[in-house]
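The model comes first, then the text.

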Amino acid sequence: MNTTHVIMTPEEILTRWRLLRGWEPLCSGHISVTAHNSALDSLLIEHIRAWYTKALATYPLEQLPLMEFAAQTSLDSFRTDQSATLTLPPGCLRPASVALSTWHRPANIQAADSEAAQLQLNPYTAASDSHPVAIRLSQSALSLHPAAPGSAVVSLLGVPAPENNRFVLSPFLIADMAHNEFIESLNNTI
């Protein structure tokens with residue numbers, strides 16, 4: 001999983017987007033900003049935000065920036081089946097993996113209807129510290145198996161949620177910017 005990322009402001013990503021499409025000169029000469037440029041920049045930044053939000057929500061986790069969220073969370077409740085609920089912090093859009101202090105390795109996140117989730121219903125096939133399981137219960141909660149009182153979250157890697165004033169980009173997303181066609185989609189709306 002990719003924990004390498006670059007953080008850009010809206011101005012920085014707009015400049016890169018324009019440069020990649022040949023709308024920004026390569027020289028450092030003076031460029032006057034007109035109302036037309038401001039209108040185009042507004043359209044571009046909205047297009048960039050839509051591309052970015054869609055990418056974070058739908059691209060494979062291997063292509064996205066991952067950040068550590070363990071310091072922003074803790075286990076909410078322990079259940080008698082030796083599992084616990086973890087509420088995701090607001091900044092974590094998509095969890096990728098989680099690790100507890102009692103586990104021997106991290107667990108990737110499984111869907112609630114996955115086979116791994118079904119195996120937790122039987123004590124003979126349930127998770128162990130050597131083979132832990134993390135199940136996505138909802139947009140904001142995970143079920144961790146096994147989890148005993150005294151366990152602590154030592155790692156929670158996830159895709160950061162979009163923010164207005166910064167873009168967290170993986171190397172793949174930086175490369176993907178060059179392949180996204182704004183003019184084509186703009187022509188389709190006119």
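## Basis of the values

This is a predicted model: local features need pLDDT of at least 70, side-chain atom pairs count only at pLDDT 80 or more, and totals for chains, interfaces and linings use all residues. Residues are numbered from 1 along each chain as its sequence is written, and side-chain values use heavy atoms, with hydrogens and water left out.

Helices (H or I, at least four residues) and strands (E, at least two) are DSSP runs, numbered from the N terminus. Buried means under 20% relative accessible area, exposed means over 50%, and partly exposed lies in between (1.4 Å probe, protein chains only).

## The sheet

Strands of a sheet pair through backbone hydrogen bonds, either parallel or antiparallel. Here, two strands pair if DSSP finds at least two bridges between them. Eight strands form an open sheet with mixed pairing. Their order is E2-E9-E5-E6-E7-E8-E4-E3. E2 and E3 (75-78) are the edge strands, and each pairs on one side only.

E5 pairs with E9 (residues 153-160) in the antiparallel sense, over seven bridges. Arg94 has Val159 in E9 as its bridge partner. Cys92 stands opposite Pro160 in E9. E5 also runs antiparallel to E6 (residues 107-111), joined to it by two bridges. Ser97 has Asn108 in E6 as its bridge partner. A hairpin of six residues links E5 to E6.

## Inside strand E5

How many of the nine residues of E5 are buried? Eight are, so the strand is largely enclosed by the rest of the structure. Ala99 sits in E5, which spans residues 92-100. Ala99 is buried, with a relative accessible area of 7%.

Contact means heavy atoms within 4.5 Å. Leaving aside neighbours within four places in sequence, Ala99 is in contact with Pro106, Ala152, Val153, Val154 and Ser155. Ala99 and Leu144 are 45 residues apart in sequence, and their C-alpha atoms are 9.1 Å apart.

## Nonpolar cores

A nonpolar core is a set of buried Ala, Val, Leu, Ile, Met, Phe, Trp, Tyr and Cys residues joined through side-chain atoms within 4.5 Å. The largest has 43 residues. Trp51, Leu86, Val98, Leu144 and Leu169 have the most contacts inside it. Helix H2 (residues 35-58) gives the most to this core, with eight residues. A second, separate core has five residues, including Ala116, Ala117, Ala127 and Val133.

What does Leu169 touch? Not counting residues up to four places away in sequence, its contacts include Thr4, His5, Val6, Met8, Trp51 and Tyr52. Ile13, Pro65, Ile174 and Met177 are also among them.

## Helix H1

H1 covers residues 10-20, and Pro10, Ile13, Leu14, Trp17 and Arg18 are buried in it. Seen down the axis of H1, its buried residues fall within an arc of 135°, so they line one face of the helix. The arc is that of the directions from the helix axis to the C-beta atoms. Just after H1, Gly22 takes a positive phi of about 80°.

## Aromatic pairs

Rings of Phe, Tyr and Trp (its six-membered ring) pair if their centres lie within 6.5 Å; planes under 30 degrees apart count as stacked, over 60 as edge-to-face and the rest as tilted. The count comes to three aromatic pairs. The rings of Tyr59 and Phe172 have centres 5.9 Å apart and planes at 75°, so this pair is edge-to-face.

Tyr59 lies in the loop between H2 and E2 (67-68), and Phe172 in helix H4 (residues 171-176), so the pair ties together parts 113 residues apart in sequence. Phe172 is partly exposed, with a relative accessible area of 33%.
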